[in-house]
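Student: I am new to this structure and would like to understand the terms used to describe it. May we go through them one at a time, setting each value against its definition?

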Amino acid sequence: MRTYYRDRFQRAQVERMVEKSYEKYLTAECKNQEIYKRQLERNARDRKGLTPENRERQLKKAAEFELTRCSELHGLFPNSHRGGGWGR
């Protein structure tokens, strides 16, 4: 009986560690995706020598870039401290 409760407690500790680790990973990946999206937007706006059609194409690409890790983070950890601009 004693071993059963100890094992359950240890398993719960490991699960919490894994969840925290994955939340940290998703937070970092979300931030990276947000940075990448801003770079796409900035490049589309500020790049010299782009034709209007190419500029529109680049702006559309930036607008359609999905922040998949941010969505996953928000879905799995709704109370996460990362409340940034998800879903932009």
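Tutor: Let us begin with a pair in one helix: Lys 60 and Glu 64 are four residues apart in helix H2 (residues 52–64), and therefore they are separated by about one helical turn. Helices here are DSSP runs of H or I with at least four residues, strands are runs of E with at least two, and both are numbered from the N terminus. The model is predicted, so local features need pLDDT of at least 70 and side-chain atom pairs count only at pLDDT 80 or more, while totals for chains, interfaces and linings use all residues. Residues are numbered from 1 along each chain as its sequence is written, and side-chain values use heavy atoms, with hydrogens and water left out.

Student: What makes Lys 60 and Glu 64 a salt bridge?

Tutor: A salt bridge requires a side-chain nitrogen of Lys or Arg within 4 Å of a carboxyl oxygen of Asp or Glu. The closest N and O atoms of Lys 60 and Glu 64 are 3.9 Å apart, so the pair meets the rule. In general, side chains of opposite charge can pair when their charged atoms come close.

Student: Are Lys 60 and Glu 64 buried or exposed?

Tutor: Both Lys 60 and Glu 64 are exposed. The term exposed means over 50% relative accessible area, buried means under 20%, and partly exposed lies in between (1.4 Å probe, protein chains only).

Student: How many salt bridges are there by this rule?

Tutor: The count comes to four. Among them is the pair Glu 15 and Arg 11, whose side chains meet at 3.5 Å, N to O. Glu 15 and Arg 11 are four residues apart in helix H1, and so about one helical turn separates them.

Student: Why is Glu 15 called partly exposed, and why is Arg 11 called exposed?

Tutor: Glu 15 has 41% relative accessibility, so it counts as partly exposed. Arg 11 has 52%, and therefore it counts as exposed.

Student: Why are Cys 30 and Cys 70 called buried?

Tutor: Cys 30 is buried because its relative accessible area is 0%. Cys 70 is also at 0% relative accessibility, and so it counts as buried. Of the 88 residues of the protein, 18% count as buried.

Student: Which residues gather in a patch of positive charge on the surface?

Tutor: They are Lys 31, Arg 38, Arg 42 and Arg 45. Patches are made of residues with over 30% relative accessible area and no salt bridge; like charges are joined within 9 Å, and nonpolar side chains (Val, Leu, Ile, Met, Phe, Trp, Tyr) within 5 Å. Lys and Arg count as positive and Asp and Glu as negative, while His and the chain ends are not counted. The place of a charge is taken as NZ of Lys, CZ of Arg, CG of Asp or CD of Glu. Arg 38 lies in helix H1 (residues 2–46). Arg 38 is called partly exposed because its relative accessible area is 35%.

Student: Which residues form a nonpolar patch on the surface?

Tutor: Tyr 22, Tyr 25 and Leu 76 form that patch, with about 280 Å² of accessible area together. Accessible areas come from the Shrake-Rupley method with a 1.4 Å probe, and for residues only the protein chains shown count as cover. Leu 76 lies in helix H3.

Student: What pattern does the protein follow along the sequence?

Tutor: The pattern is α-α-α, and the protein has three helices and zero strands.
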